[in-house]
Amino acid sequence: MLSVFWTQRQGPLRALCVFLTFLLAPPTFAQQLELGVPQPVVLTISSDRLFSDSAYGQRVMDEIEQESALLAEENERIVAELSKEEKDLTEKRASLEADEFRPLAEAFDRKVQSHREGQRAKLDTLARRSEENRQSFFQLARPVLIDLLRETGASMILERSNVFLSSDTSDITDAAIARIDATIGDGTGLQDGTGE
């Protein structure tokens, strides 16, 4: 008898429980409107876009692009000089004995290898500086992201590309970029997240 009564009342009781849950829940929708950011439990972010679309990231990428262009020009100049030197060396080969020519050829090979290693080292330095700037950006952005996490009441921020399925309302990339730009701008004058 009791089980029949419980079964008959289970639907209305469940509805009442759901109603009370929503009634007593904090006013998250009002908070969403106030903050201008979504309020899911889990937020997502595109770290690549966070960096590349921020003022900081754009400044860094512009600087790296300019230095890469200068390095490419320098490389073209060196290649042109080495090509001319190689042509001169080839012309000398006909008039020199093998013992005379060999040291010149070996010196030229060493020069080519030295230039190649020098250019590679410059490219590696540029790539390393790009990565260091990226890491500094995320150090500077971390407090902003922590504030967004707290304000939305979310428990975590996941990398958007690693999430199988989510709604667009969970993505806070645009809100984070706006706040980071307002906080650190393009990062000029800031070093390693320590301030000016």
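Let's start with aspartate 53. It forms a salt bridge with arginine 49, and the closest N and O atoms are 3.3 Å apart. Keep in mind that this is a predicted model. How exposed are the two partners? Aspartate 53 has 34% relative accessibility, so it counts as partly exposed. Arginine 49 is at 28%, and that also makes it partly exposed.

Next pair. Aspartate 168 forms a salt bridge with arginine 160. Here the closest N and O atoms are 2.9 Å apart. Aspartate 168 is exposed, because its relative accessible area is 63%. Arginine 160 has 22%, so it is partly exposed.

Back to the pair I opened with. Arg49 and Asp53 belong to one network with Asp174, joined by salt bridges that share partners.

How many salt bridges are there? The count comes to 13.

One of them pairs arginine 134 with aspartate 48. Their closest N and O atoms are 2.7 Å apart. Why look at this one? Arginine 134 lies in helix α5, residues 98–152, and aspartate 48 lies in helix α3, residues 47–52, so the bridge ties together parts that are 86 residues apart in sequence.

In general, side chains of opposite charge can pair when their charged atoms come close.

Now helix α6. It runs over residues 173–184, 12 residues in total. From first C-alpha to last, α6 reaches 16 Å, close to the 16 Å expected at 1.5 Å a residue.

Which residues of α6 are buried? Thr173, Ala176, Ile177, Ile180 and Ile184. Look down the axis of α6: these buried residues fall within an arc of 100°, so they line one face of the helix. What covers them? The cover includes β1, α3, α4 and α5. Turn to the face pointing away from that buried side. There you find the exposed residues Asp174 and Ala182.

What follows α6? Glycine 185 does, and its phi is positive, near 60°.

Last stop, the surface. Val41, Val42, Met156 and Leu158 form a nonpolar patch there. Together they have about 310 Å² of accessible area. Take valine 41 from that patch. Where does it sit? Valine 41 is in the loop between α2, residues 28–35, and β1, residues 42–45. Is valine 41 buried or exposed? It has 59% relative accessibility, so it counts as exposed.

Key
Residues numbered from 1 in each chain as written. Predicted model: local features only at pLDDT ≥ 70, side-chain atom pairs only at ≥ 80, totals over all residues. Heavy atoms only, no water. Patch = residues over 30% accessible without salt bridge, like charges linked within 9 Å, V, L, I, M, F, W, Y side chains within 5 Å. Areas by Shrake-Rupley, 256 points an atom, 1.4 Å probe, with all protein chains shown as cover. Salt bridge = Lys/Arg side-chain N within 4 Å of Asp/Glu carboxyl O. Helix = DSSP H or I, 4+ residues; strand = E, 2+ residues; numbered from the N terminus. Buried < 20%, exposed > 50% of the residue type's maximum accessible area, 1.4 Å probe, protein only. Expected span 1.5 Å × (residues − 1). Arc of directions from axis to C-beta. Contact = heavy atoms within 4.5 Å.
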